[in-house]
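Work through the exercises below with the sequence and the 3D structure open. Each task is followed by a solution in steps.

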Amino acid sequence: MKRKVGKVIVTGLSLVAGLMLAGKVQATTDTDAMHRLYNPNSGEHFYTASTHERDSVRNAGWKYENIGWYAPKEGQPVYRMYNPNAEDHHYTTAAAERDQLKTVGWKYEGIAWQSGGTIPVYRLYNPNATAAGAHHYTTEVHERDELKKIGWNDEGTGFYAAARGDTSGGGEEQPTVEPKKVDVDITGAGGEEANVPGSYRLLYSNKANDQANLAGHPTMEFAADVALTGATSDYEVQFVIAGNGDASGQVGVGLHYQAGFDADFAQGRINVTNINFPANAGTSGEQYYSVNTKAPQIANGQSVKLRVKYFESGYMQTFVNEQLVGQYQTKLVPGGGAFILHANTNATVKLRNLQVFRNGEEVTTNGRPPFAQTSYDLVNDVVSGAY
């Protein structure tokens, strides 16, 4: 299987909608979750520790982008300023900058939060902004660097955070977004590729997991430590369990990098994408991918544990670093009792510690045929086994 997901097009005005979460951080009584919101009309990003203010701004049409960072309850004050002419906010730890802005008509709105900790919050300036949205603040080096590439000025560290953001500890689920049609005109039944005019798969963002009690051993389980390295605008590795035969289904998890700034689909960073092509599924949307923007952030070349499970009851599960990132109802059909397992990439992948389990028993060396080894270096290649 070769994934041919088309590029996701950003429609709004956001240049910096890629809110990127790094690691799973629990809020504590010593920190405040800093909520990040975006105004698609003005281009401004807004940051607040107040859930009441967050909800009021959302109700006014702003887009909620989850938690940008965690601020300490004690530290150096961050002053919040408001320009009533441009309807723009600015944040600074410098009393001199605060006072200078006051002299030119900005309104001082008090202390917004505290600066402190070891995580830099980078400050950038858009010299092309004519009104709101001139400044942006982020803990993410990749987001900072992407903005610099398109003309933003790096103004250094604006302040510090106690931890990077996450959707836990005070965050909320990302709102549902409209799925996009991908693999248009090339989708065949059950995971096959074919020249079928009008065919497509769907690309979801944070598709809700199907609920089921999946106690006991899965029929098939596939795991390995995987590091993806790429240098193009669109590269990936897929880690898949498939049925054995035409239209017999494929399920799994992929690491995928796609350039862009659409936060709904985690563009501009390596994202986690679940793959669900049920056996004998039709060619117009029954097969789908789901980008999980709340999965652990993964750096280029970082090794993570990928795990895929398929249950006889007709469910699949996917994991990244043992964190569940997908659970969906599906169906695979083994040929002669065997499933096909494969890892394939259009980039460079280091695959280590490969393991295969059948009904809870390790069978890595007992395939029909088995994987030739448990460690691979892949460059635009695929490895597979039948179990």
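**Exercise 1. Decide whether Trp69 and Trp113 are buried or exposed, then describe how their rings are arranged.**

Step 1. The model is a predicted one. Buried means under 20% relative accessible area. Trp69 has a relative accessibility of 1%, so Trp69 counts as buried.

Step 2. The relative accessible area of Trp113 is 4%, and therefore Trp113 is buried as well.

Step 3. A pair of aromatic rings is described by the distance of the centres and the angle of the planes. For Trp69 and Trp113 the centres are 5.7 Å apart and the planes make 65°. Planes over 60 degrees apart count as edge-to-face, and the pair Trp69 and Trp113 is edge-to-face.

Step 4. Trp69 belongs to strand E3 and Trp113 to strand E6 (residues 107–115), so the pair ties together parts that are 44 residues apart in sequence.

**Exercise 2. Classify the aromatic pair of Tyr137 and Phe159, and find the cluster that holds these residues.**

Step 1. The ring centres of Tyr137 and Phe159 lie 5.5 Å apart, with 25° between the planes. Planes under 30 degrees apart count as stacked, and this is the class of the pair Tyr137 and Phe159.

Step 2. Strand E8 (residues 135–138) holds Tyr137 and strand E9 (residues 153–161) holds Phe159, so the pair links parts that are 22 residues apart in sequence. Both Tyr137 and Phe159 are buried.

Step 3. One aromatic cluster is made up of Tyr47, Trp69, Tyr91, Trp113, Tyr137 and Phe159. In total, the count of aromatic pairs comes to 19.

**Exercise 3. Work out the strand order of the four-stranded sheet and say where helix H1 packs.**

Step 1. The order of this open sheet is E2-E1-E3-E10, and the pairing is antiparallel. Strand E2 (45–48) and strand E10 (163–164) are the edge strands, each pairing on one side only.

Step 2. Seven bridges join strand E1 (residues 31–38) to strand E3 (residues 63–72) in the antiparallel sense. Leu37 has Tyr64 in E3 as its bridge partner.

Step 3. Helix H1 packs on this sheet and touches E1, E2 and E3; the direction of H1 makes about 10° with that of E1.

Step 4. Now look at the two ends of H1 (residues 51–59). At its start, a side-chain oxygen of Ser50 comes to within 3.4 Å of the backbone nitrogen of His52. After H1 comes Gly61, with a positive phi near 110°.

**Exercise 4. Identify the residues of the largest nonpolar core that touch the most other members, and follow the contacts of one of them.**

Step 1. In soluble globular proteins, nonpolar side chains tend to be buried together. Here the largest nonpolar core has 43 residues, and those touching the most other members are Phe239, Ile241, Leu255, Leu341, Leu351, Val356 and Phe371. Strand E13 (residues 220–229) gives this core its largest share, five residues.

Step 2. Take Leu255. Beyond its neighbours within four places in sequence, the contacts of Leu255 include Leu228, Val237, Ile270, Val272, Ile298 and Leu306.

Step 3. Another core, of 21 residues, lies apart from it, and its members include Leu37, Tyr47, Phe159 and Ala161.

**Exercise 5. Locate Thr364 and describe its surroundings.**

Step 1. Thr364 sits in the loop between strand E23 (361–362) and strand E24 (376–379). Its relative accessibility is 7%, so Thr364 counts as buried.

Step 2. A polar atom of the Thr364 side chain lies 3.0 Å from the backbone nitrogen of Val356.

Step 3. Leaving aside neighbours within four places in sequence, Thr364 is in contact with residues including Leu354, Pro370, Phe371 and Tyr387.

Notes:
Residues numbered from 1 in each chain as written. Predicted model: local features only at pLDDT ≥ 70, side-chain atom pairs only at ≥ 80, totals over all residues. Heavy atoms only, no water. Core = buried A, V, L, I, M, F, W, Y, C linked by side-chain atoms within 4.5 Å. Buried < 20%, exposed > 50% of the residue type's maximum accessible area, 1.4 Å probe, protein only. Contact = heavy atoms within 4.5 Å. Polar contact = N/O pair within 3.5 Å; in protein donor to acceptor, adjacent residues only side chain to side chain. Pairing = 2+ DSSP bridges. Axes fitted to C-alpha atoms, helices over the stretch in contact; angles between N-to-C directions. Phe/Tyr/Trp six-rings, centres within 6.5 Å; stacked < 30°, edge-to-face > 60°.
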